[in-house]
Amino acid sequence: RDFVVKDLRVKLNIFILVVIASLVLSGAAESVPLDLQLGARPLAMGGAFTAVSDDANAVYWNSAGMEQLKQSELTFMHGFFGEFKNIYLDYLSYSQPLVVGSLGLMWVYNGSIVREGEGNITHGVTDNTYGLAYSLSPVKNLAVGLTLKRFTLDSVVGGGAGLGFDVNTLYHYQDWVSFAVVGRNIAADVKNETIVPTLRAGILF
């Protein structure tokens, strides 16, 4: 009986710590750049997908979630930023379970077209993000993932490229409760300009 009580206390403490971390991170998120909400299903869920990540969108949201997939999946998305038809976005993500772990690929493309002057001269700005992800479940109920990223930028004033990575975790406390913490754009830069890293946490219940 004492063992059961101690075990419940430990689990309760873990739960409280994760809740506090989620609140702190959600407050900190207000000071970082816009985080794109990619994928039709995550978008429909209002971006509350970090602790779900159970389809091909996991490559972008939380690559540790690829461990939940039993077969290969592919998803894509094309859209515009609200009413601005000259600013568009394309997104492609693929996940493949392996004998050990899972492998994922993703591509995010943002583009804009600007027309100016009497000659209606057209200028374009585009940026691409390529991702290679791998996930693994080292112990029961815990999955970890690493996503390597390649950034490219092209515009009329020049272009550039850079690298970065995401660190992802997903823990299934029970069948109906999951915790996730994701660190994004770590050590990332483009044209020697640092991309601000972000933290995202989520709870599924």
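**View 1. Six aromatic pairs turn up in a search of the whole structure.** Rings of Phe, Tyr and Trp (its six-membered ring) pair if their centres lie within 6.5 Å; planes under 30 degrees apart count as stacked, over 60 as edge-to-face and the rest as tilted. This is a predicted model: local features need pLDDT of at least 70, side-chain atom pairs count only at pLDDT 80 or more, and totals for chains, interfaces and linings use all residues. Residues are numbered from 1 along each chain as its sequence is written, and side-chain values use heavy atoms, with hydrogens and water left out.

**View 2. Phe49 meets Trp61.** Their ring centres are 6.0 Å apart and their planes stand at 70 degrees, so the pair is edge-to-face. Phe49 lies in the loop between helix H2 (40-44) and H3, and Trp61 in helix H3, so the pair ties together parts twelve residues apart in sequence. Helices are DSSP runs (H or I, at least four residues), as are strands (E, at least two), numbered from the N terminus. Both Phe49 and Trp61 are buried (under 20% relative accessible area, 1.4 Å probe, protein chains only).

**View 3. Tyr60 and Trp61 also pair edge-to-face.** The centres are 5.7 Å apart, with 85 degrees between the planes. Phe49, Tyr60, Trp61 and Tyr91 form one aromatic cluster.

**View 4. Leu38 has contacts with Asn57, Tyr60, Trp61, Met77, Leu89, Tyr91 and Val108.** Residues up to four places away in sequence are not counted. Contact means heavy atoms within 4.5 Å.

Methods
Buried < 20%, exposed > 50% of the residue type's maximum accessible area, 1.4 Å probe, protein only.
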